Amino acid sequence: MSKTKELINELLVEVFNNILSIEEANLREQGIDLSMNEVHILEAINNSFEPSMTNVAKALRITTGTLTTSISRLVAKKYVVRYTDVEDRRKVLVKLTDKADEVLKIHDGFHNQMIEAMIQEMKIDEDEVLIKSLENIVEFFKLKY
């Protein structure tokens, strides 16, 4: 691997890991007893048009079985309610509780603070090359994975 590729790889991995660890620490400071994985599941439920177990698992790119394990923990912690669809009893739906809504507000607040700080520090609104590069990275991952 060339030096440039190695550096890009190291930077992407470091940014990703830093965001996750800082975000998880922020949640802990706020008294939230969830992992980042669990928070992302709450986010996927919140963003789902029809929050069935199948749709949420697809959005997260995981199996329904894997999601079932996590949902069971979230139900036990009272962040999610699981129920069957009235019209189609085979379909299992999930719904966020008020407790989950509070977590998502904190989570969104963290993201807003992070982006605000980055924009102010780096004058990113003036840096079209960086924005285009980030868009290209996102598009690459969407197409590839």
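The legends below describe close-up views of a predicted model. Local features in this model need pLDDT of at least 70 and side-chain atom pairs count only at pLDDT 80 or more, whereas totals for chains, interfaces and linings use all residues. Residues are numbered from 1 along each chain as its sequence is written, and side-chain values use heavy atoms, with hydrogens and water left out.

View 1. Glu 38 is buried, at 3% relative accessibility, while Arg 73 is partly exposed, at 38% (buried means under 20% relative accessible area, exposed over 50%, partly exposed in between, with a 1.4 Å probe and protein chains only). Both residues join Lys 77 in a network of salt bridges.

**View 2. Glu 102 forms a salt bridge with Lys 105 in helix H5.** The closest N and O atoms of this pair are 3.5 Å apart, and because the two residues are three apart in the helix, about one helical turn separates them. Glu 102 is partly exposed, with a relative accessible area of 44%, whereas Lys 105 is exposed, at 54%.

**View 3. Asp 88 forms a salt bridge with Arg 90.** Here the closest N and O atoms are 3.0 Å apart; Asp 88 is partly exposed at 22% relative accessibility, and Arg 90 is exposed at 73%.

Notes. Salt bridge = Lys/Arg side-chain N within 4 Å of Asp/Glu carboxyl O. Helix = DSSP H or I, 4+ residues; strand = E, 2+ residues; numbered from the N terminus.
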